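Biologist: I have the sequence and the model open. Can you walk me through it, starting with the strands?

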Amino acid sequence: MNRTEMSRRLREARELASINQGEAAEALGLPRTAVTQIEGGNRAVSTMELARLADLYRRPVSWFLADAPDAEEDIVVALHRIAPGLDSAPEIRIEVDRCVQICREGVSLEGLLGREERDGPPAYPEPVPRSTGDAVAQGERVAEQERRRLELGSSPIADMTELLGDQGIWASVVDLPNTMSGLFLHHPSIGMAVLVNAGHVRARQRFSLAHEYAHALMDRNRVVGVSSADNSRERIEQRANAFAAAFLLPEAGLEEELRQLGKGQPARTDQIVFDVATGGSIQGQLRPAPRSQTIGFQDVAFIAHRFGVSYQAAVYRLKSLRYINQPESLLLLSPEQENAGKDYLRALDLFEDLEEPVRGPRGTRELRSRVAHLALEAYRLGEISRGRLLDVGKTVGVDGRKLLELAEAARAE
């Protein structure tokens, strides 16, 4: 590794970590001019200094020493180039980069364990939609096909993060700019990963996970995909929204729930009964009681909670499937009706299931647990050293000593 390339990598890693030269110098116990000299290629960096900087910049030392840039470099650079809003706050950038690092660690451990490359779910080769109607039709069609492939039937999906993990996609909740609902990443260094906004409420996070899953199924040719208010009118974003609605709220499932609620039935039903006396038939009509089929805010709230979506998403899906008309949907979406629906959930202690965000350790536990499990298995089989195990613990935010204790216990079995 020549000094020029080393200095370039050190400078780029510092900038990606949103750390200035003064902060780097303080970590090394050196004047700022020393860091300037190092990044300018005019001064060599010692082994100890490199280790401290690697830790400060949240990079493995190998990232600086490899003959060719590590594959992760491309995904990190592309991520911040395509989603510049991530630079709006250093803490956001740090958390996103940390999640990428955990995914990279997971892929590396899978390779050591001889696991198959993370191909993910099948790709659905849909053409770019030509209109909004085309986008909706494609999204709903693929959602139905994917539900059939996964043998989900018409039941609600219990845990979207777990479902994505089972399909070979890393998934996590992370701090993002408020206008950004999620990110889809696809790169050899991490496989496929989905990150959704920790600041959004739980129901919206679930919808975002399903939305980004649509990109994994239909748009995986992209290295980085950003879902935000800025590009919500793009056809592939509309397609992903249609997929998420149909995937989380399947038509057959909604029909069954409405039937259980005594709603959504036709205004009149023809009745035909065989007449034993004449050998003919007796015909008539069965009409439900007046207003008994009206879908109210309580029904929408119940359905929203049942399928784990927002009140608004439930209304739009009911309208899309023509269980309610335009005036009815406008009434249900009025502030008074929506607030009544939320009060209904509060009264039944169901509100937090939809309206509280999943964030912090809870938001990353699926991702962290999968990678920690890989590390324990790799250590048990002698594929990684004690030091590497401690490094993985640090990366995933698990006490290294505890992780080592568990690994030793697993090896002793």
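Predicted model: local features only at pLDDT ≥ 70, side-chain atom pairs only at ≥ 80, totals over all residues.

**Strands, helices and cores**

Biologist: How many bridges join strand E2 to E3?
Modeller: Strand E2 (residues 180-187) is joined to E3 by 6 bridges, and the two run antiparallel. Strands (E, at least two residues) and helices (H or I, at least four) are DSSP runs, numbered from the N terminus. Two strands pair if DSSP finds at least two bridges between them.

Biologist: What is the order of the strands in the open sheet?
Modeller: The order is E1-E3-E2-E4, 4 strands with mixed pairing. E1 and strand E4 (224-228) are the edge strands, each pairing on one side only. From one strand to the next the twist averages 15 degrees.

Biologist: Is E3 enclosed or open, and why?
Modeller: E3 (residues 191-197) is largely enclosed by the rest of the structure, because 7 of its 7 residues are buried. Buried means under 20% relative accessible area, exposed means over 50%, and partly exposed is in between (1.4 Å probe, protein chains only).

Biologist: What share of the whole protein counts as buried?
Modeller: Of its 413 residues, 47%. The protein has 20 helices and 6 strands.

Biologist: Which strands does H7 lie across?
Modeller: H7 lies across E1, E2 and E3, and runs at about 155 degrees to E1. Axes are lines fitted to C-alpha atoms, for helices over the stretch in contact, and angles run from 0 to 180 degrees between N-to-C directions.

Biologist: At what angle do H7 and H19 cross?
Modeller: Roughly 145 degrees; the axes of H7 (residues 90-112) and H19 (residues 386-396) come within 9 Å.

Biologist: Which residues in H7 and H19 meet?
Modeller: From H7 there are Arg98, Gln101, Ile102, Glu105, Ser108, Leu109 and Leu112, which meet Arg388, Val392, Thr395 and Val396 in H19. Contact means heavy atoms within 4.5 Å. The residues of this contact divide into 5 nonpolar, 3 polar and 3 charged. Ala, Val, Leu, Ile, Met, Phe, Trp, Tyr, Cys and Pro count as nonpolar, Asp, Glu, Lys and Arg as charged, and the others, Gly among them, as polar.

Biologist: New topic. Which residues touch the most other members of the largest nonpolar core?
Modeller: Met160, Leu164, Tyr213, Phe243, Phe247, Val300 and Leu318, out of 53 residues in that core. A nonpolar core is a set of buried Ala, Val, Leu, Ile, Met, Phe, Trp, Tyr and Cys residues joined through side-chain atoms within 4.5 Å. Helix H10 (residues 202-218) gives the most to this core, with 9 residues. Apart from this core lies another, of 41 residues, including Val96, Val224, Tyr379 and Leu403.

Biologist: What is Tyr213 in contact with?
Modeller: Leaving aside neighbours within four places in sequence, the contacts of Tyr213 include Leu163, Leu164, Phe243 and Phe247, and also Glu146 and Arg149.

Biologist: Last one. Where is Glu151, and what is its phi?
Modeller: Glu151 is in the loop between helix H8 (132-149) and helix H9 (160-166). Its phi is near 55 degrees, a positive value in a residue other than glycine. Most residues other than glycine have a negative phi. Glu151 counts as exposed because its relative accessibility is 72%.

Terms used: Residues numbered from 1 in each chain as written. Heavy atoms only, no water.
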